[in-house]
Amino acid sequence: MQIAIASGKGGTGKTTLAVNLAYFNGIDLFDLDVEEPNDYLFFKNAKEVESEVVSRKVPVVDQSKCDYCGKCRDVCEYNAIVVLKDETMIFPELCHSCGACSYFCPQEAISEVDRPIGKIISIKSEINLAYGVLEVGEASPVPLIRAVKRKIAGNAIIDAPPGTSCPMVESIRDADFVVLVAEPTPFSLHDLKLAVKVIDRLDLKFGAVINKHGLPFDGVEKFCRQEKIPVLGRIPFSTEIAERYSKGELLFEYRDIFKEIYDGVMELV
Amino acid sequence: MFKQLTIVSGKGGTGKTTVTAMFSVLASKKGVVIADGDVDAANLHILLKPEVIEEIPFYGSKKAIIDPDLCVSCGLCYELCRFDAVQKKENGEYHIDELKCEGCALCYNACPAEAIEMQIVESGKIFVSNTKYGVMVHAMLNPGEESSGKLVSEVRERAKKIAEMKNAKVLLLDGSPGIGCPVIASLTGADLALVITEPTLSGLRDMQRVLDLTEHFEIGSVVAINKCDLNMDMTGKIRDFCSRNGIEVVGEIPYDPELPALISQLKIPFECGASEHIRAMWDTIKEKLDV
């Protein structure tokens, strides 16, 4: 049973919901926002149990075998290979690791080496948390997200990255249920509508949680009513909660909200 | 010649879009072109209310498609695809999951039956619009699509051309959260990056990562702390980090409940106390950009 927490807009409260939902219901947590992982900040006394480097394959050319025929360049859709008169150059940051160049090289001059793209850190406190950390300068988080996902076994809460493009899709696509976190603002409403479109495209079950409930904008609640999106819980707008979050603290006084949200999800699955 | 200011944050929801909208108004006298580099959760248009004058389809990617009449079900594509995009149906036929296909064309080039075609798909739209403050270039990636970095690059390049043509002094580029391809594309060519953070542990950590990124690409950066009075202790930590690393803090904006109230009415929030801090910050940045 995997529950993914997503949003569209950033900063609506995915991390707040993910860490508290996992902690107060005793479920393992997986932070797939590998560009900016923050969940671990809330488990200060946790012990690191494992750290592993994640790599992807990128080509290298054996210049002694290469006859500069240009086949590798022709089959590369990402313009990651330039063939000169007497040298074949690879631009690994443009490479998608598809393997076409090495597969088609008539001289078998291309092999593949590991390029580190980040790491997965597993920590243990009352619950287990695994999170990915993308290497700075690496363009695509998707291969690392896939690697963190392979660690999931059994029940899991997944903290997805913001947005509605490939990293978010990869993070939620195998979930049994998606919780969309929205806040009562016009920005969040706009991005919530986009996130719903992604979820419809993936044909997943979902519901919403409204964070900062009490801000003066009713568009999000209206939209949920109109579209018959179940609202699983509301986290109040409060400076106390904001301060707690700022220090990286869990919301013990509000634990009931997170238990109810979880029960609500279980009823719908 | 114009100067490019890219507004980033690392963490989402720290106030990039609000600040960009206010800067757009403040820079309008100088001549500004505005670009929204958040293409999968774009929000700037909500405040700037652009009038679209040109709509350009964006063909960001190709997708493989199998012709079932030609396919001999040999399974080679299934074996070769590294993105698990080729799926085997119960009846033994193969098909492509378009959301997983990265358009590498390995299957297309390898298929012995020539049963695979590469189709160019429209994965979004680019808009060139008029606003009260200047021309705005923005885009919408179709929900769930890839190539957001490529789309951001197109938005940036179009905005640059318009800035040159209109003899604008400033190009404002509102970035997206994170440190991946769309953010890298937003930062390309920037004369200065403004990193907007908030005094939270996440805000601090995410700011550090995005500053590592700007350093990696050798782009000068300044920092602004939004909602600075939420946690003064953390604001102090952000200041300390910045001063240790020679990064100037160009603004500290206190939390002002009037600001979200004005935004909920779709107003650019000038009529509130916090806006004075944003005006002052623009004056500092204007000097830094030398415009």
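Angles between elements run from 0 to 180 degrees and are taken between N-to-C directions, with axes fitted to C-alpha atoms. Contact means that the C-beta atoms of two residues lie within 7 Å. The model described here is predicted.

Chain A holds nine helices and 11 strands. Its C-alpha atoms fill a box of roughly 70 × 45 × 30 Å along the principal axes. The chain has 269 residues, and 50% of them are buried. Among the contacts of chain A with a separation of 6 or more, 75% link residues 24 or more positions apart.

An open sheet of nine strands is found in chain A. The strand order is β3-β6-β7-β2-β8-β1-β9-β10-β11, with mixed pairing. Strands β3 (47-61) and β11 (231-236) of chain A form the edges, each pairing on one side only. On average, neighbouring strands of this sheet are turned by 20 degrees against each other, direction ignored.

Helix α9 of chain A spans residues 255-268. This helix lies across four strands of chain A: β1 (2-6), β9 (177-182), β10 and β11. Relative to β11(A), α9 runs at about 170 degrees. Strands β1, β9, β10 and β11 follow one another in the sheet order of chain A.

Definitions and conventions: Residues are numbered from 1 along each chain as its sequence is written. Chains are lettered from A and ligands numbered from 1 in the order in which they are written. This is a predicted model: local features need pLDDT of at least 70, side-chain atom pairs count only at pLDDT 80 or more; totals for chains, interfaces and linings use all residues. Helices (H or I, at least four residues) and strands (E, at least two) are DSSP runs, numbered from the N terminus. A residue is buried if 20 or more other C-beta atoms lie within 10 Å of its own, exposed if 12 or fewer, and partly exposed in between; C-beta atoms are placed from the backbone. Two strands pair if DSSP finds at least two bridges between them.
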